[in-house]
Every structure is written in structure tokens, then in C-alpha cells.
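Please look through the sequence and the structure shown here before reading on.

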Amino acid sequence: MNSTATTSVTEIVLPGKVEPEGLELRVRELPAPAKGQVVLRMDATGVCFAEQQMRRGKYYDQPPFPFVPGYDVVGTVTAAGPDVDAAVIGRRFAAVTKIGAWASHLLVDAVDLMPVPDAVDAVAAETLVVNGITAWQLLHRVAKVAAGGTVVVLGANGGVGSTLVQLARHAGITVIGTASPRHHDTVTALGATPVDYRDPDLYARIRELAPDGVDAVFDHVGGDAVEESWRLLRKGGTLVSYGTAATKDEDGSSQLPVLKLFARLNAWNALPNGKSAHFYNFWAGKRRCRASWQQRLNEDFAQVLGLLADGVLTPQIAAEFPLSETTAALTLAESRTVAGKVVLVPEA
């Protein structure tokens, strides 16, 4: 397709702070790709925790309403703009977009494209774009836990958590995973020891399983319970915080919970006990050096795709919905009843 033609696009718009039923479906003309851009036809996108926060106006740096959500995407290039190699047309790629992927087609900077082999199913690959890269980086770039170690994964049934459990087990690490009882069979099948996250004695139960403390805790919950995560660590252990799910339903500033968390982690890092606390931000380093940040993403995505191809990683697909049923998809994702990722696909 030449780069001067427009494309009719169907997209899902988040008009403001609304319930999932308030999402709007819009059809418009997508302009031709500009210099350095491509048109990507969506083969699979997904619903992640960020969009659940965005609809409440609680995501740390979301744009003003209205906008099209959609954090990541797997798709096929249908048109290329000036200065883009035409050989990409017809090939499948993934991209991390932060917003914009809940659409039948979208414009993407060519430098953000990460190859997806034809043999890899688009929906399977979609479960590993943000979730897979995040899990890989949490384990191997931040915590750097050695084989033989023990870690705690909060939300072991979730998109990131279920991938993190599998990566840790593959690396020879013992995993304790929190989840509701309905997901304990899933967590067990992934190779972790499940613990009920609603149990009032949750942290005592984890201490029974790891009396000498653990090497890392991966905590997406934040809030006051992050102190309990810190106390689970042995000397030399690492707390990796990567979210503030505990405060998602609270009114007020989206930035305050994160800033309070930063202050807490910094104070703990100043203590002379050999433990460390990190806040993981997927986007860290992009502003400073986009090329090296994207290179890191490409490397880590290739790692998890390789493990998927080898059968080491089993994609955790909670459900698939056509794009027009995004309201139902978001409702299900927010229900806390699913294991894995809710995926959006093109209309049949």
C-alpha cells in the first residue's frame, strides 16, 4: 500500500472517568504514515492494569481525556511512510504504545517495532509484550536472583505475575505466589506454592514457607502492606515494587501514592542491613536515550518469545474478545476472577 492513502480505523475511546459501559466506539480516517511511521493493523491487543487505572484518572502520567487506550499491540504493517524500509510491509511486529492500541489500525514509529516470528500466534505474543518484558526485567535486570533462591510474587495469577512465576521456575528459583483460592490450582500448575492473598495471616504463612527470609519480593500492590513485603526479605534481599494497585480506587492525586512509595523505598535503602528496595518503571531511560531503551526492550522481548517457542512459557490467556466488545473485556479484567491476560482481537 502506498504511503499517501488514508485508512478507515475503528477505535475505542475513553471519554472521561467512566465505568466500562462508558467507553465509546468511533470510526474515523487514519492519516497516511508520516516520515518514520508505519500503519499497523491490529492482530491482538490487550487489557492491562494501566487501562483500569486510566479510566479512573489514576494512571501516573496519562494524557487528558478523551483518548484511545491500549498499552501494547501485535499487528501487521500495512503501509510505510517516507524513510521506512518498505520490506516491513506485510510483516508482523509488536509495539509498546502506552495509549492508542485499542484500534483496528494505528500509526506507530518504525523504531518502536519489535519483530514477531510468523510461527508465533499473535494472541500468545500479545500476552508477552508488556507483561513478558516487565517480568523478564523484574527478575533478570532488577532483582538478579540466582538459581536456588526463593522469591515471593504478589498476584501470581495476573498477567505479569503468571509470567514471572514461569521465568523464575525456569531459572531454578523457588516461588511463593499470592492469589485468591480459585486460582491456586493455576498457580500450582505454573510451579509456585500458592498462598491466599486475603488470609489475615498471609505474611505469617509466607514466613512458615521461608523461615530464613526470601531473596526478592515482587510487589505491584504498594500501599501500607509494602512494609510487610520489606520485612519478608533476608539480609541481601531485594524488594521490587512496580505498582500501587492498593490505591487504585481511592480518590485524589494519581501521583501522591507513587511519591509516598518512593519516599518509603529511599528511606529503606538508607538502612545498613544489606537489603535493597527498587521501584521498577517500564519507561525509565526512554527520555534519556530512546535508542538504548528500545534496544533493551527488543532483547528482552526476543528472550521471552524464544522461551515461548521452546515451550518453557505457556501464554496465560484469560479470554479473547473482538474489539467491539471492549466494555465486556474491561469488565472481566477488572472482576478479579481471571488468570492471565484478557486479549482484544479484530472483528471476525
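In helix α3, the residues Gly 132, Ile 133, Trp 136, Gln 137 and Arg 141 meet a set of residues in α9, namely Arg 296, Leu 297, Glu 299, Asp 300, Phe 301, Gln 303, Val 304 and Leu 307. Sorted by kind, the residues of this contact between α3 and α9 comprise 6 nonpolar, 3 polar and 4 charged. The model in which this contact is seen is a predicted one. Two packed helices are described by the angle between their axes and the distance between the axes. For α3 and helix α9, which spans residues 290-309, the angle is about 100° and the axes are 9 Å apart, and therefore α3 and α9 are roughly perpendicular to each other.

How do the axes of helix α3 and helix α4 cross, and within what distance do they come? Helix α3 covers residues 130-143 and helix α4 covers residues 159-170, and their axes cross at roughly 50° and come within 8 Å. That angle makes α3 oblique to α4, since an angle counts as roughly perpendicular only from 65 to 115 degrees and as roughly parallel only under 35. The crossing of α3 and α4 is right-handed. On the α3 side the contact is made by Asn 131, Gly 132, Thr 134, Ala 135, Trp 136, Leu 138 and Leu 139, and on the α4 side by Gly 159, Val 160, Thr 163, Leu 164, Leu 167 and Ala 168. The residues of this contact of α3 with α4 divide into 8 nonpolar and 5 polar, with no charged residue.

The next topic is charged side chains. Side chains of opposite charge can pair when their charged atoms come close.

| Salt bridge | N to O distance |
|---|---|
| Arg 205 and Glu 208 | 3.5 Å |
| Asp 224 and Arg 264 | 3.2 Å |
| Arg 264 and Glu 227 | 3.3 Å |

Arg 205 and Glu 208 both belong to helix α6 (residues 202-209), where they lie 3 residues apart, about one turn of the helix. Arg 205 is partly exposed, with a relative accessible area of 32%, while Glu 208 counts as exposed at 59%.

Asp 224 forms its salt bridge with Arg 264, and this pair links distant parts of the chain, 40 residues apart, with Asp 224 in the loop between β11 (214-219) and α7 (226-231) and Arg 264 in helix α8 (residues 256-269). Asp 224 is exposed, at a relative accessible area of 63%, whereas Arg 264 is partly exposed, at 24%.

Arg 264 also forms a salt bridge with Glu 227, and here again distant parts of the chain are linked, because Arg 264 lies in helix α8 and Glu 227 in helix α7, 37 residues apart. Glu 227 counts as partly exposed at 28% relative accessibility. Salt bridges that share partners join Arg 207, Asp 224, Glu 227, Glu 228, Arg 231 and Arg 264 into one network.

Is Ala 179 buried or exposed? Ala 179 has its place in strand β9 (residues 174-179), and with a relative accessible area of 1% it is buried, because buried means under 20%. Leaving aside residues up to four places away in sequence, Ala 179 touches Asn 157, His 184, Val 187, Val 195, Asp 196 and Tyr 197. One of these, Val 195, is 16 residues from Ala 179 along the chain, and the C-alpha atoms of Ala 179 and Val 195 are separated by 6.3 Å.

Technical notes: Residues numbered from 1 in each chain as written. Predicted model: local features only at pLDDT ≥ 70, side-chain atom pairs only at ≥ 80, totals over all residues. Heavy atoms only, no water. Helix = DSSP H or I, 4+ residues; strand = E, 2+ residues; numbered from the N terminus. Buried < 20%, exposed > 50% of the residue type's maximum accessible area, 1.4 Å probe, protein only. Contact = heavy atoms within 4.5 Å. Salt bridge = Lys/Arg side-chain N within 4 Å of Asp/Glu carboxyl O. Axes fitted to C-alpha atoms, helices over the stretch in contact; angles between N-to-C directions. Parallel < 35°, antiparallel > 145°, perpendicular 65-115°, else oblique. Left-handed = near helix turned anticlockwise from the far one by under 90°. Nonpolar A, V, L, I, M, F, W, Y, C, P; charged D, E, K, R; others polar.
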